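Me: I have just opened this structure and would like to learn how to read it. Could you walk me through a few features?

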Amino acid sequence: MPNVPVFVEGIINLREDIIPVINLKKKFNMKEWEVQENSRIIIINIDNRQIGIVVDDASEVVNLHQKYIDDSPDIAMNIDEKYIMGIGRMDEEVIILLDLTELLFIGEKNVN
């Protein structure tokens with residue numbers, strides 16, 4: 001697609017809505033991977049716009065009560081802290097919660 005950021009993979013038609021699909025690995029200059037059988041597109045809403053994000057795998061959707069969400073630590077595993085909303089605890093698992101509104105810069109939110 002012409003005149004779109006390099007991390008925009010394309011668009012999909014979901015229930016008659018045209019949704020741009022982005023690759024966060026490209027956006028953050030991470031090692032890319034080929035789409036596998038377990039790869040998924042997760043649809044998120046940012047500022048009342050739907051955006052698809054390519055992920056390596058998704059096994060379930062969970063709802064966490066606020067009491068199970070802690071503030072992000074001062075040092076967050078080489079990830080810019082502005083992208084981390086908090087750390088979720090579910091049984092013995094630890095879940096890094098991304099701040100989806102910070103994933104895209106303001107100009108990038110208008111890719112569709």
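Reply: Gladly! Keep in mind that this is a predicted model. Let's start with Lys25, which counts as buried because its relative accessibility is 18%, and buried means under 20%.

Me: Where is Lys25 found, and which residues is Lys25 in contact with, leaving aside neighbours within four places in sequence?

Reply: Lys25 belongs to helix H1, residues 24-27. Setting those sequence neighbours aside, Lys25 is in contact with Met30, Lys31, Trp33 and Asp56. With Asp56 there is also a polar contact, side chain to side chain, at 3.1 Å.

Me: How do I read a nonpolar core? Which residues are in the largest nonpolar core here?

Reply: Think of buried nonpolar residues joined through their side chains. The largest such core has 11 residues: Phe7, Val8, Ile22, Leu24, Ile44, Ile46, Ile51, Ile53, Val55, Tyr83 and Leu103. Strands S3 (40-46) and S4 (49-55) are the elements giving two or more residues to this core, and the largest share, 3 residues, comes from S4.

Me: Is S4 mostly covered or uncovered?

Reply: Mostly covered, with 5 of its 7 residues buried.

Me: In which sense does S4 pair with S2 and with S3?

Reply: With strand S2 (residues 17-22), S4 pairs in the parallel sense over 2 bridges, and Ile53 is the bridge partner of Ile22. With S3, the pairing is antiparallel over 7 bridges, and Ile46 stands opposite Arg49. The hairpin of S3 and S4 has 2 residues between the strands, and Asp47 takes a positive phi near 50° there.

Conventions
Residues numbered from 1 in each chain as written. Predicted model: local features only at pLDDT ≥ 70, side-chain atom pairs only at ≥ 80, totals over all residues. Heavy atoms only, no water. Buried < 20%, exposed > 50% of the residue type's maximum accessible area, 1.4 Å probe, protein only. Polar contact = N/O pair within 3.5 Å; in protein donor to acceptor, adjacent residues only side chain to side chain. Contact = heavy atoms within 4.5 Å. Core = buried A, V, L, I, M, F, W, Y, C linked by side-chain atoms within 4.5 Å. Pairing = 2+ DSSP bridges.
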